[in-house]
Amino acid sequence: MFDRREFVSSVMAKVVAENESEEGRPAKVDSPDVTSPEITAMREKAAKSSGLSLALAGRLSGTTEAEIKADADRLMEAIRSMPANLRTQPKSILPTGGAVDQPPHHLDIDPIKLAANIMARRLGS
C-alpha cells in the first residue's frame, strides 16, 4: 500500500540533499514546525479573539500571528454567512423525537369530523 507520508519525507530528504551538495553548505528549511507550541498558542489565541471554538483552532493556517488571525477572521466570516438551516440541527418529524414547539399532528384530528368523513366516503356522498 502507498504510504504518502513516507513518500513525501523521502522526496523532501532528496531535495534537501541535492541543495546541500549544490551549494556546499547545509540547506535551510524556511517553513516552521506547524505543530510547535508557539504556533498552537497563536492559533488558540486567534480562534478565541475571532469567536471560533477551540475545536476549529487546529484548522487555522499561517506562520505568523497576523496570518493566523486573518485566516481565523475569514473562517468566522464564512461561518456567519452560511444559511441558518446549515448551522443548526434539523428537527425530527417523528412523533417520538419531534420538535417541542410543534404539537403532534395526531392531536389536531377532530374525532367527530373524522367519523363524518368516513361515513360520507362509505355512503358515497
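**A walk from loop to helix**

Start by selecting Gly-58, which sits in the loop between α2 (37-50) and α3 (65-80); helices here are DSSP runs (H or I, at least four residues), numbered from the N terminus. The model is predicted, so local features need pLDDT of at least 70 and side-chain atom pairs 80 or more, while totals for chains, interfaces and linings use all residues. Residues are numbered from 1 along each chain as its sequence is written, and side-chain values use heavy atoms, without hydrogens and water.

Gly-58 is exposed, at 53% relative accessible area (buried is under 20%, exposed over 50%, partly exposed in between, with a 1.4 Å probe and protein chains only).

Next, pick Asp-71 in helix α3. Is Asp-71 buried or exposed? At 13% relative accessibility, Asp-71 is buried. Leaving out residues up to four places away in sequence, Asp-71 touches Arg-59, Leu-60 and Ser-61 (contact means heavy atoms within 4.5 Å).

Now show Arg-74, which is exposed at 53% and forms a salt bridge with Asp-71, with the closest N and O atoms 3.3 Å apart. A salt bridge is a side-chain nitrogen of Lys or Arg within 4 Å of a carboxyl oxygen of Asp or Glu.

The whole structure has 3 salt bridges. For another, select Glu-65 and Lys-45, whose closest N and O atoms are 3.0 Å apart. Glu-65 lies in helix α3 and Lys-45 in helix α2, so this pair ties together parts 20 residues apart in sequence.

Key
Helices (H or I, at least four residues) and strands (E, at least two) are DSSP runs, numbered from the N terminus.
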